[in-house]
Amino acid sequence: MAAIDHTLAAGTDAIGTTRRTVGRWLTAGAVADTLMAGTYVAFSAVVMPWLGTKGDADFVHSMQQINTGIENPLFFTVFTAAMAAPAIAAWKLRGHAATAAVMRWTLAALALYTTTVLTTSGINVPLNQALAHAGDVDPGKSRADFETTWNIWNGIRAALSTAAAVAMLKALRLHRRNRA
């Protein structure tokens, strides 16, 4: 009988450890998704409107500097964590019927943020690279080729990553509510 009690206690502890681990991954995903949403929203609401008031040469030069400066370890860590944390949380949630709603919201966040990553790598980064290689030959043309398209797709990234953050927060809330 003592062996059975010991096994049950160990099982309960393992479940508690898994719950805490999932909670930590959900929290990390919610924080990272929120930080990325904030980054994209800040560009849409502050950076790009301010740059829009600049002349062509200043716009191109400033955006080139921003694109170089944002490529740093902190940005890449958060950018990656916003996709990795929900994926790991979903992996840890697999097979637990009691967490189906948490899993759905986590997978929704993962899909939304993955779409943000695809948009970034497929549209915004190539535009950034084209602007970086444009040089100062014709700043008016460089800006015309860049600004409108980049702003539209950054707005889409802002909306997608905000929705991902909301989904992660919903998953975290449900996870915390479901203490059973």
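Residues are numbered from 1 along each chain as its sequence is written, and side-chain values use heavy atoms, with hydrogens and water left out. As this is a predicted model, local features need pLDDT of at least 70 and side-chain atom pairs count only at pLDDT 80 or more, while totals for chains, interfaces and linings use all residues.

User: Which pattern does the chain follow, read along the sequence?
Analyst: Helices (H or I, at least four residues) and strands (E, at least two) are DSSP runs, numbered from the N terminus. The secondary structure comes to 5 helices and 0 strands. Read along the sequence, the pattern is therefore α-α-α-α-α.

User: How far apart are the end C-alpha atoms of helix α3?
Analyst: The expected span of a helix is 1.5 Å times one less than its number of residues. Helix α3 has 21 residues, residues 73-93, so its span should be 30 Å. The distance in the model agrees with this, as the end C-alpha atoms are 29 Å apart.

User: On which residue is the kink in α3 centred?
Analyst: The bend at a residue is the angle between axes fitted to the seven residues ending there and the seven starting there. In α3 there is a kink of about 35°, and the residue on which this kink is centred is Ala81.

User: Are α4 and α5 roughly parallel or roughly antiparallel to each other?
Analyst: Axes are lines fitted to C-alpha atoms, for helices over the stretch in contact, and angles run from 0 to 180 degrees between N-to-C directions. Helix α4 (residues 100-134) and α5 pack at an angle of about 160°, with their axes 8 Å apart. Angles under 35 degrees count as roughly parallel, over 145 as roughly antiparallel, 65 to 115 as roughly perpendicular and the rest as oblique. The relation of α4 and α5 is therefore roughly antiparallel.

User: Which backbone oxygen does the side chain of Arg143 reach?
Analyst: A polar contact is a pair of N or O atoms within 3.5 Å; within protein, one must be able to donate a hydrogen and the other to accept it, and residues adjacent in sequence count only if both atoms are side-chain atoms. The side chain of Arg143 makes such a contact with the side chain of Asp56, at 3.2 Å. At 2.7 Å, the side chain of Arg143 also reaches the backbone oxygen of Lys54.
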